[in-house]
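Please keep the sequence and the model open while reading.

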Amino acid sequence: MARFVTTVLLGLLLTFSSQLLAQSDQGNAQNNSEPPAKLDVINDPMANRLPIEGQRFRIDDKIKQITLLFFRERGSAPLILIKPDGSKWYETRHPIEQVTWYTNENFDMIRIKDPMPGPWQVAGRVDEQNEAVIVSDIKFKAKPLPSPLYENEQIKVEGTLYNGDVPVETARFHETVLLDVLFISTNNSSFDNFGVAPKRVGQFSDDGKGYDEQAGDGVFTSRFKLTIPPGEYMPTYELTTPLYDRSYETSAVVVEPSPITLSVKQANRAEQDHQLILTIDDGRVELSSMAINGTVDFPNGEKRDFSLTEVETNTVNIPIANLDFGRHLIDMTIFATNKQGREFELVIDDYSFISKRPDKNTLTKAEQFAAKRAALEQQRIEKQRQIEEQESQAVVNLIIIVAINVILVLLGVSAIWFRKRRTKSAATDSHEKND
């Protein structure tokens, strides 16, 4: 009897304990109902690196979607994915409802929905210098733009590309993204750019070329020129990858009209220079900080450089040689500091003017007298030439007349002589017959 009671008590205790454990597990499951982060696929402190050992990697059973980026040896064939069950996926043969596969000559980017958990393999010529990457939430953060900006200002901007919360440091990652800079009008009616269409002003790169200091360091660099109407804009960075696009807006900035305007005073006489006139808003610019470099393309094909490093007044005259009549092209870079202490650079491309041959009404009295005198002299020379031509023609005509008369006289004499000879010959014949 005691054994029966003990057995019943133990059974009740086990049942009660099981219920407690089930309730505890249910509570934990409710607390963990949030979907796991995509980067939990790997127990790796870097989170966005896919460790490959002998071209093998493991996908966790909680992953609902994963995007993988494999860098290949340049020019090699697309990779082959081998699933944990041994079946294979190819770039040209895979379940399109589950897999999105982009490939080019340098990399494969593959997005998989509900991937099979377990050990995967990749077959192909994987770049051993660049680890495969799990592409999570690609973000771009650029350094804030200065304010104010200026029309025709050329500005350098740097930013960092993030994969999740980790800066991208894979040297070849820049091959997989395009980063454009757009200036989008805020359509603020208080500014002149109200209703202006968005303008793509530049592109970021991390290739170590141009103004980018080091390739593959994760610091993307752009240098763009603000050839846009002054006004209020929302700078927008547009990120494009083979599988998705992202846009990132920053705080609105104001682009002010250029603090330096250009005009040209053309020469009135051939021996004078044209004058390129720079008018500087010295309320916004420190005159002593200015430096100017420029190039002039002349109508005759010649090219000349000019430079100016000392500016003392708000109006600067730069002489442009008067070499020929026609279109002049001026390219110019202006370095200066504004009143807030910010250094800036203005770039003027293809500023042009067309010089014309001076009109006689613009000449001085002395020049007009000289021109009139030259014209009279030209008329005299022309008249003299005509007289000489007439005299020459008269001599020719006289010679022709004399020649004709001589020929006529000779013909007349010949005719008379011929007639007399015939008459004499006839008389002789008649006399002979009578004899």
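Thr337 lies in strand 24, which spans residues 326-337; strands here are DSSP runs of E of at least two residues, helices are runs of H or I of at least four residues, and both are numbered from the N terminus. With a relative accessibility of 17%, Thr337 counts as buried, where buried means under 20% relative accessible area, exposed over 50% and partly exposed in between, for a 1.4 Å probe and protein chains only. Leaving aside residues up to four places away in sequence, Thr337 touches Arg284, Val285, Glu286, Ser289, Arg342, Glu343 and Phe344, a contact being heavy atoms within 4.5 Å.

## Basis of the model

This is a predicted model, in which local features need pLDDT of at least 70 and side-chain atom pairs count only at pLDDT 80 or more, whereas totals for chains, interfaces and linings use all residues. Residues are numbered from 1 along each chain as its sequence is written, and side-chain values use heavy atoms, with hydrogens and water left out.

Strand 2 (residues 65-71) and strand 6 (residues 107-113) are joined by 7 bridges, and Gln65 has Lys113 in strand 6 as its bridge partner.

Strand 1 is joined to strand 7 (residues 118-123) by 4 bridges, and Arg58 stands opposite Pro119 in strand 7.

## A nonpolar surface patch

Val396, Ile400, Ile404, Ile407, Leu408 and Leu411 form a nonpolar patch on the surface, with about 540 Å² of accessible area together. Val396 belongs to helix 2 (residues 365-434) and is partly exposed, at a relative accessible area of 38%.

## The chain as a whole

The chain contains 2 helices and 25 strands, and 33% of its 435 residues count as buried. Among contacts between residues at least 6 apart in sequence, 66% join residues at least 24 apart.

Terms used. Pairing = 2+ DSSP bridges. Patch = residues over 30% accessible without salt bridge, like charges linked within 9 Å, V, L, I, M, F, W, Y side chains within 5 Å. Areas by Shrake-Rupley, 256 points an atom, 1.4 Å probe, with all protein chains shown as cover. Salt bridge = Lys/Arg side-chain N within 4 Å of Asp/Glu carboxyl O.
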